Amino acid sequence: MKTKAAAANAGNLIMTGVVLMLLGDLLFALNDAMGKWLVASFAVGQVLVIRSVGAFIVLGPMILRQGPMALFRVEQKGLQFLRVFMATGDVALFYAAVAYLPLADVMTFYMAGPIYIAALSHFFLGEKIGWRRWLAVLVGFAGVVIALRPSTAMLSLPSLFGLAGSLAFALSLVMSRYLRSTSDTTLVTWQTVAALAAGIGLSIGHWQPATLINWSGMLLLGVVATCAHLLITRSLKLAPASLLAPLQYTLLLWAIVLGYIFFNDIPDMQIVVGAAIIVFAGLFIFHRKNLKETVPSEAVPPDGH
């Protein structure tokens, strides 16, 4: 009887984790759509400043509960600084790209993040990957090239912003995994402080007056993004990452839906094909990684998967 109750409780926790992940992804998609709407009228730096202030509405109580001095007791300060730099670049470059490109186009570049992570983890985290996953990485890169549109247009500044931002995103995640003993509150607080500082620098000479609705939207942007991060962090503590990771591809679906509803953007065939290849490659990488971690090593081909 106790075994059944424990199994049912575990199942409920996993289902809660799945729901929290899906809700977090939806909030991230809303955050992206709100950001695109705001950067159409305001400089990226101004949006970053007010967004960061909004984030502290959520982070403030968490910092007080943890203790402000804990923010300064961190491991490997050099790597912490590099992670913060990459996380700030990720946000700034995303907004710079989405100001000119449809939401689904930019999100397609970011959906390649797991593919970059697989490649980077081999070199920086010592996670051995074999020819199957390397092939999936190459296929994923091919999807990115297709989404970039293989022509002179692929060198357009907004496309390069999206590509560079997705690489910064992947690097920040790899470093977050390496610094996993650091609390989430500390990690998010420092990247928010850095985004605030970068926003102040970028907004010099570009600050514009705004209505109460605009200010509220920028503040809400920070609240929504922080809540999304916290929901996803909690979901990963309730359900296996191998189950939750593929659910992040719902971000692309939400980007297409919200892009159409709010901006009347419809992805062209090249974006659809590129996105499909990227998602397929990413799901294959998740599958092989999960297979290696859950199946006895003697049952897996000795190629490192």
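Gln80, Arg83, Val84, Ala87 and Thr88 in helix H3 meet Leu187, Trp190, Gln191, Ala194, Ala195 and Ala198 in helix H8. Contact here means heavy atoms within 4.5 Å. By class, this contact of H3 with H8 divides into 7 nonpolar, 3 polar and 1 charged residues. Nonpolar covers Ala, Val, Leu, Ile, Met, Phe, Trp, Tyr, Cys and Pro; charged covers Asp, Glu, Lys and Arg; the others, Gly among them, are polar.

This is a predicted model, where local features need pLDDT of at least 70, side-chain atom pairs count only at pLDDT 80 or more, and totals for chains, interfaces and linings use all residues. Residues are numbered from 1 along each chain as its sequence is written, and side-chain values use heavy atoms, with hydrogens and water left out.

Two packed helices are described by the angle between their axes and the distance between the axes. Axes are lines fitted to C-alpha atoms, for helices over the stretch in contact, and angles run from 0 to 180 degrees between N-to-C directions. Helices are DSSP runs (H or I, at least four residues), numbered from the N terminus.

| Helix pair | Axes come within | Crossing angle |
|---|---|---|
| H3 (residues 77-98) and H8 (residues 184-203) | 9 Å | roughly 60° |
| H2 (residues 44-66) and H9 (residues 212-238) | 7 Å | roughly 50° |

The angle makes H2 oblique to H9. H3 and H8 are therefore oblique to each other too. Oblique is what remains after roughly parallel (under 35 degrees), roughly antiparallel (over 145) and roughly perpendicular (65 to 115).

The crossing of H3 and H8 is right-handed. A right-handed crossing has the near helix turned clockwise from the far one by less than a right angle. H2 and H9 also cross in a right-handed way. On the H2 side, the contact includes Gln46, Val47, Ile50 and Arg51. On the H9 side, Trp215, Met218 and Leu219 are among the residues involved. This contact of H2 with H9 has 16 nonpolar, 4 polar and 1 charged residues.

**A cavity**

The structure holds 1 cavity of 30 Å³ or more. A cavity is a set of points on a 1 Å grid over the protein atoms alone, where a 1.4 Å probe fits but cannot get out; lining residues have an atom within 4 Å of a point. About 40 Å³ of space lies in the largest cavity. Volume is the space filled by probe spheres set on the points.

Which helix gives the largest share of the lining? H11 does, with 4 residues. H4 (103-110) and H11 (250-263) each supply at least two. The lining includes Pro102, Leu103, Tyr260 and Asp265. It divides into 8 nonpolar, 1 polar and 2 charged residues.

How values were computed: On a 1 Å grid over the protein atoms alone, a cavity is a set of points where a 1.4 Å probe fits but cannot get out, and a pocket is an open set with protein on both sides within 12 Å along at least five of seven lines; lining residues have an atom within 4 Å of a point.
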